Amino acid sequence: MSITILNSTHRFRSLCRLQRIRGQMMTSQAGAEILVEKVGNAGVITLNRPKALNALNMNMIRLMYPQLKKWETDKETDIVIVKGAGGKAFCAGGDIRAVTEAGKIGDALAKNFFREEYILNNTIGTYQKPYVALIDGITMGGGVGLSVHGRFRVATEKTLFAMPETAIGLFPDVGGGYFLPRLQGQLGLFLALTGFRLKGRDVQRAGVASHFVESQKIAALEKELVDLKTPSIEDVSRVLDSYQKRSSLDAEKPFVLEQHIDLIDELFQSNSVEGIVHNLKTDGSPFAQKQAETLAKMSPTSLKITFKQLQAGGTMSLQEVLVMEYRLSQACMVKGSDFYEGVRAVLVDKDHSPKWSPSTLKEVSEQSVEDCFSSLGDRDLKL
């Protein structure tokens with residue numbers, strides 16, 4: 001009897017928290033979280049939740065998707081520009097706290113958020129007109145999904161990129177299984193497993209951004225892009241190239257991982273996460289030791305899922321990757337998964353001391369990982 005009461009109380013509290021989060025989303029005027037402008041023949045979208053570092057929520061997805069689809073077939077729209085408000089962030093990620101609260105009580109948001117977010121990612125990845133993401137600030141997780149699949153991604157010295165999902169019991173989704181294995185050597189796997197942060201020009205050097213432009217030049221760049229008449233991909237590329245050539249900030253500084261890149265390729269070349277950890281510990285260099293310590297803090301289940309995700313994604317299309325990642329997202333929403341514990345430790349209680357289950361790589365069976373990739377039948381993502 002007491003267990004039933006406790007479960008009911010927990011469910012009620014989760015429902016209240018979810019309603020509170022949704023209430024906060026609805027307090028602003030409808031559509032205010034996404035600002036849509038038509039400037040000449042350019043469609044401009046501004047992510048407008050600056051206090052939340054423009055974190056992507058369901059309302060924003062449902063406003064952005066139809067607008068992109070409309071502009072794609074609109075004869076009077078030639079280019080789309082996406083940016084973030086507030087000066088600190090492009091988009092710091094998805095609103096995963098709301099998603100986990102929904103998952104606890106079986107609310108449909110836990111399914112619909114990932115489904116609709118991935119459909120939006122695919123729309124960006126297959127967009128038929130020039131798509132320019134001005135990633136002038138923090139760009140993580142869901143924000144990467146709104147930018148990296150577009151034709152043009154413009155970083156500045158304020159850009160901070162990371163895919164930190166293994167630290168919260170998730171995996172680098174939003175098409176991470178597609179773009180990360182396509183970075184040079186083992187760099188993508190390194191970024192995916194460790195959550196290593198890239199800043200400024202290094203985001204472009206790594207291949208995540210297509211261009212680097214100094215932040216003070218972004219307003220002028222946007223105006224020049226907006227003023228283009230029926231621009232082709234080549235026209236947009238020429239403008240971006242010219243601004244990059246005029247942006248000399250930090251040009252003389254080497255890539256932050258330059259002296260470690262050969263070591264990353266060597267140590268992260270393995271058939272398993274355990275093999276990578278063994279390589280790091282055996283190498284014993286300060287850099288290798290630091291990465292081993294970082295991996296020891298991550299969810300063992302997430303590390304193994306991510307490793308398999310990137311292995312598979314390297315030979316898949318973006319669409320195939322997103323279908324795979326939707327299956328993984330739903331596996332992570334199962335009650336008792338590390339995702340709930342990771343969000344609690346990092347975002348809710350902020351004690352940064354998650355209790356992973358299983359707690360070691362050895363305890364995570366190959367079958368349990370394999371099960372996460374299983375088809376969902378008619379609940380699979382359809383693109």
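Close-up 1. Glu222 is buried, with a relative accessible area of 15% (buried means under 20% relative accessible area, exposed over 50% and partly exposed in between, using a 1.4 Å probe and protein chains only). You'll find Glu222 in helix α9. Helices here are DSSP runs of H or I with at least four residues, strands are E runs of at least two, and both are numbered from the N terminus. Setting aside neighbours within four places in sequence, Glu222 is in contact with Val44, Ile81, Lys83 and Leu134 (contact means heavy atoms within 4.5 Å). Bear in mind that this is a predicted model, where local features need pLDDT of at least 70, side-chain atom pairs count only at pLDDT 80 or more, and totals for chains, interfaces and linings use all residues. Residues are numbered from 1 along each chain as its sequence is written, and side-chain values use heavy atoms, with hydrogens and water left out.

**Close-up 2. Helix α9 against helix α10.** Helix α9 (residues 218-227) packs with helix α10 (residues 233-245) at an angle of about 160°, and their axes are 10 Å apart. Axes are lines fitted to C-alpha atoms, for helices over the stretch in contact, and angles run from 0 to 180 degrees between N-to-C directions. α9 and α10 are therefore roughly antiparallel to each other (over 145 degrees; under 35 counts as roughly parallel, 65 to 115 as roughly perpendicular and the rest as oblique). On the α9 side sit Ala220, Leu221, Glu224 and Leu225, meeting Val236, Val239, Leu240 and Tyr243 of α10. That contact comes down to seven nonpolar residues, no polar ones and one charged (Ala, Val, Leu, Ile, Met, Phe, Trp, Tyr, Cys and Pro count as nonpolar, Asp, Glu, Lys and Arg as charged, and the others, Gly among them, as polar).

**Close-up 3. Strand β7 and its partners.** In strand β7 (residues 152-155), Phe152 and Val154 point one way, Arg153 and Ala155 point the other way, and all are buried. Strand β5 (residues 131-135) runs parallel to β7, joined by four bridges, with Ala133 partnered by Arg153 of β7. Two bridges join β7 to strand β10 (residues 211-212), again running parallel, and Val154 stands opposite His211 in β10.

**Close-up 4. The whole sheet.** Six strands form an open sheet in the order β1-β2-β3-β5-β7-β10, with mixed pairing (two strands pair if DSSP finds at least two bridges between them). The edge strands are β1 (34-39) and β10, each pairing on one side only.
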